[in-house]
Amino acid sequence: MEPDVLNRRDFMRLASLTGALVATDLPSTAAEPGAKLKGAVIGHTGRGDYGHGLESIFSNRLNVEVVALADPDSEGRAKTSAKIGARRTYADYGELLEKERPSLVSIAMRQADQHHAVAMAALQAGAHIYCEKPFVTAPNESDEALLEAEKGGRKIAVAHTMRMMPVVVLLKQAIAEGLIGDMQELRAYGKQDARAGGEDMMVLGSHLFDLMRLFLGDPLWCTARVLREGRDITSASRRIVNDNVGYVAGDQVFAQFAFPKAVNATFTSAAKLSETVGHWGIEFFGSKGAARINCDIAPNVFVRRSTGWKSEGKTDAWELLDVSLVKSPPPQNHGPVGDWLDAIAKNREPECSGRNGAWAVEMVMAVYHAALSGRRVSFPLVSRNHPLAA
């Protein structure tokens with residue numbers, strides 16, 4: 001190979017280390033050659049503003065034209081419109097959907113209590129949707145949105161983008177190839193900051209629950225304890241937080257999930273553990289080793305090197321995942337938005353699918369069901385309403 005040529009493996013290694021997403025060779029989803037799809041963005045400045053870059057997901061995509069933006073806040077609407085080059089703006093998203101009839105909609109507001117209503121309206125207007133996470137606030141809402149999408153042949157993607165980060169894809173492949181032996185246990189930790197407990201679980205834990213399913217499949221059951229000021233929560237413990245994601249409760253959460261193949265996983269969020277645990281993320285324990293994802297917009301992946309216990313103690317060193325540990329070439333990665341567009345063109349489910357987004361919400365709700373009842377709760381949940389709403 002010529003020395004100046006960057007091969008695919010080296011390119012993916014660079015992408016994995018920087019957290020960059022491959023966005024080249026994106027498919028055209030327009031019906032006519034040269035035609036452009038109509039994209040629209042819906043946000044709400046002042047009520048969560050916009051999710052991480054969700055107002056700009058159509059930028060630099062030659063086959064998509066941003067025809068409109070909806071935002072009730074006039075100042076935020078003008079600022080965001082100028083940023084993304086929207087041709088027209090609306091204060092009301094319903095008016096946008098009725099007049100513009102976009103084929104693609106970015107549901108970009110951060111506050112999830114708005115997602116269900118906007119998603120239903122966009123789907124009924126005939127649009128495919130890309131939604132900020134968490135997808136919705138309860139399983140009954142995701143049930144309705146998924147059914148509506150299926151009826152209309154529309155594709156939903158949810159911005160649980162971490163599952164498509166190249167370094168996470170590489171870890172999944174390396175574990176499948178035996179990097180840490182047989183998977184035994186996962187331990188997930190929230191950010192455990194001022195939002196520790198229920199808010200942390202919904203806002204950031206939803207990413208972790210999505211990653212659990214990426215590596216382990218669908219969970220079988222859940223047990224949990226959720227505390228508020230040292231006492232077990234009741235439905236009266238519910239509250240609404242500034243970034244409204246529906247009802248949350250508790251300042252400490254400990255949950256256990258059972259997965260197929262006798263693998264267990266836990267999720268913990270408690271402010272007093274933040275210094276002990278450190279960075280939020282997931283630790284993977286196998287029969288031959290351990291690995292860790294430190295989560296962020298650009299996550300890092302580490303593999304543990306250990307001396308084992310000796311009379312003088314034990315030394316653990318966490319080293320960045322070396323791409324050379326992956327034996328076969330990684331799959332092509334269009335990135336979450338490119339994958340959504342490709343899924344529309346090929347009539348398949350996106351990797352960051354609405355179904356995956358719905359599962360993350362369901363796992364959060366299972367924690368509350370288990371904590372409130374003091375019992376093991378099986379999946380899928382029988383009660384589809386928010387357990388704190390009773």
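These legends describe close-up views of a predicted model.

View 1. Six strands make up an open sheet with parallel pairing, running in the order β3-β2-β1-β4-β5-β6. At the edges stand β3 (88–90) and β6 (156–158), each of which pairs on one side only. From one strand to the next, the twist averages 20°.

**View 2. Pairing of β5 with β6.** Strand β5, residues 128–131, pairs with β6 in the parallel sense, and three bridges join the two. Opposite I156 in β6 stands I129.

**View 3. Helices packed on the sheet.** Helix α2, residues 74–84, packs on the sheet and touches β1 (37–42), β2 (64–70) and β3. The direction of α2 makes about 175° with that of β2. Helix α10, residues 335–346, also packs on the sheet, where it touches β4 (104–107), β5 and β6. The direction of α10 makes about 160° with that of β5.

**View 4. The second largest pocket.** This pocket holds about 350 Å³ of space. Its lining consists of 14 residues, and those nearest the pocket centre are I175, M183, F215, L216 and K261. By class, eight of the lining residues are nonpolar, three are polar and three are charged.

**View 5. Helices that line the second largest pocket.** Both α6 (166–176) and α8 (205–216) supply at least two residues each to the lining of the second largest pocket. The most comes from α6, which gives four residues.

Conventions:
Residues numbered from 1 in each chain as written. Predicted model: local features only at pLDDT ≥ 70, side-chain atom pairs only at ≥ 80, totals over all residues. Heavy atoms only, no water. 1 Å grid on protein atoms, 1.4 Å probe; cavity = no way out; pocket = protein on both sides within 12 Å on 5 of 7 lines; lining within 4 Å. Points joined across faces, edges and corners; volume = space filled by probe spheres on them. Nonpolar A, V, L, I, M, F, W, Y, C, P; charged D, E, K, R; others polar. Pairing = 2+ DSSP bridges. Axes fitted to C-alpha atoms, helices over the stretch in contact; angles between N-to-C directions. Contact = heavy atoms within 4.5 Å.
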